[in-house]
Amino acid sequence: MDNRDIILGVDSGTSVVKAVAFDLEGVQLDCASVRNSYYRGEGGAAQQSMTQTWQDAVTAIRKLAERVDNLSERVVAVAVTAQGDGSWLVGANNQPVGDAWIWLDARAAPTVERLNQSELARARFEATGTGLTTCQQSSQLAHKDRHYHGLLDSCEVALHCKDWLYLNLTGVRATDPSEASYTFGNFRHQRYDDTVIASLELEHRLHLLPEIIDGSQITHPLTPEAAALTGLRAGTPVCLGYVDMAMTALGAGVHTGEANTACSIVGSTGVHLRAAAIEDVWLNPAQTGYIIPLPWPGFVTQVQSNMASTLNLDWLLNVASELLKSFGCETDHARLVEHIGRWLSEAQPGSLLYHPYISEAGERGPFVNAEARASFVGLSYNHQFGDMVRAVVEGIGMAARDCYQAMGGAMPGELRLTGGAIRSVQLRQILSACVGVSVRSSRREEAGAAGAAMMAAVAIGAYPTMQRCVETWVTPLLDTPEAPPSELVARYQHLFSSYQQIRNDLPSVWHQLKQSFAG
């Protein structure tokens, strides 16, 4: 009797690598995780060990096997997704060429500025539907070609994080339609595009781009070497998922068959996705955002992603923690998080404006500026720490509205939410009121791994289409819609014009600050 009833989803994020077991009905059986690590360097560098990332994925799978009975014999397929963007270079014998440049790396900023002024910049955007930013592999390779060409000379293939894990699992060098089309391709046909590659001045590096495969249609077997390391059965089908943004949105309900739905992933970064038929895509004149295909024929997501979301809240809490420690009052991040609800409830709505550009890489959505920095506006002597906490959360909500507005047309009809921060009732209410639409939370704990596992479920024939899989795996886990308080909507609607006006006026200040610091 065939007792294989588990799809194993691997999701290698910026903070944590997770291995998650799902049954064929989409029920999460268990999860194991390993903390991820990266390091920063001079000039905006942010890098990650490729070898350690693979070892962490192996460890997560083995830890899952300790929690799930007879895992190796029960796994019918493995699916992998991971953090997006970045450059994971592979050379001879499938060995890493140095450490990966991850999406937080800001060194390509001058190259982005130069390429965005080129004659082919508009054509590149028309094809990819994606604005060029420092975090993307396309800009990073273009920058390396000029300033670190030795790395590319030693490279045989340029991968993304999930592609690197897939290579170690299957021995196959490949990437997926989502990251391929928004970096070097065209979202309409989801293949590489000669004009895009020419716009990046990378025609002579074309050989570095891997084959594009759709994991909802094609799988490759787990190699004996990977089987020995992970404890899984050799030959188990492995599915290459799409980039984590698309997988998380799919698992959380960005598209369940209805029109005008959207999904916000409220995590370290803020990702805002709106499902659309390919023929209905609107490209904004500012040439920002992403178009990321879904593993659902004919559909893509229009995406705007602000570089830092809850990272802003982490920063403020870390400031408080360090201050307390300096006076001998030991505390930790988790304890401070427990007080957020009280601070949000006690503070007056909209008494401050906060622009959440805390990332050292600046901002990428709905505008691109590597010099962008966070700021409070409207501080007075009467403001307390709780007012600052609420302003930061409201800033996260305003940034979400800013992103959806840049997608064109009216706000979405309904917003689906996922990410650890949405457990807060107050945060959901603020986000809902800032965008001005009802929200629904997904009870799916590991939406990214689930999205990849759903692709595997379709690939192995457990479901005939992605729509049928969504009906079982996604829709039943969406909570009842929560409507925003009308008075809060009116308050934030009034403030939003000021929020936009200020952020439009700040670039010259950011530039002066950078020049002053550099001097």
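How many salt bridges does the count come to? The count comes to 22, where a salt bridge is a side-chain nitrogen of Lys or Arg within 4 Å of a carboxyl oxygen of Asp or Glu. Before you start clicking, note that this is a predicted model, in which local features need pLDDT of at least 70 and side-chain atom pairs count only at pLDDT 80 or more, while totals for chains, interfaces and linings use all residues. Residues are numbered from 1 along each chain as its sequence is written, and side-chain values use heavy atoms, with hydrogens and water left out.

**Stop one: salt bridges**

Select R74 and D5, whose side chains meet in a salt bridge at 3.0 Å, N to O. R74 sits in helix α2 (residues 71–74) and D5 in the segment before β1 (6–12), 69 residues apart. Helices here are DSSP runs of H or I with at least four residues, and strands are runs of E with at least two, numbered from the N terminus. D5 has 28% relative accessibility and counts as partly exposed; that class lies between buried (under 20% relative accessible area) and exposed (over 50%), using a 1.4 Å probe and protein chains only.

Now show R364 and D85, a salt bridge with its closest N and O atoms 3.7 Å apart. R364 lies in the loop between β20 (353–355) and β21 (375–377), and D85 in the loop between β6 (75–82) and β7 (88–90), so the pair ties together parts 279 residues apart in sequence. R364 is buried at 4% relative accessible area, and D85 is buried at 2%.

Next, pick D176 and K162, which form a salt bridge at 2.6 Å, N to O. Both D176 and K162 are buried.

**Stop two: a three-strand sheet**

Move to the open sheet with the order β4-β5-β8 and antiparallel pairing; strands pair if DSSP finds at least two bridges between them. Its edge strands are β4 (39–40) and β8 (100–101). Two bridges join β4 to β5 (residues 46–48), and Y39 stands opposite Q47 in β5.

**Stop three: crossing helices**

Finally, select α11 (residues 244–252) and α17 (residues 447–459), which pack at about 90° with axes 7 Å apart. Axes are lines fitted to C-alpha atoms over the stretch in contact, with angles from 0 to 180 degrees between N-to-C directions. Residues making the contact include M247 and L250 of α11 and M454 and M455 of α17, where contact means heavy atoms within 4.5 Å.
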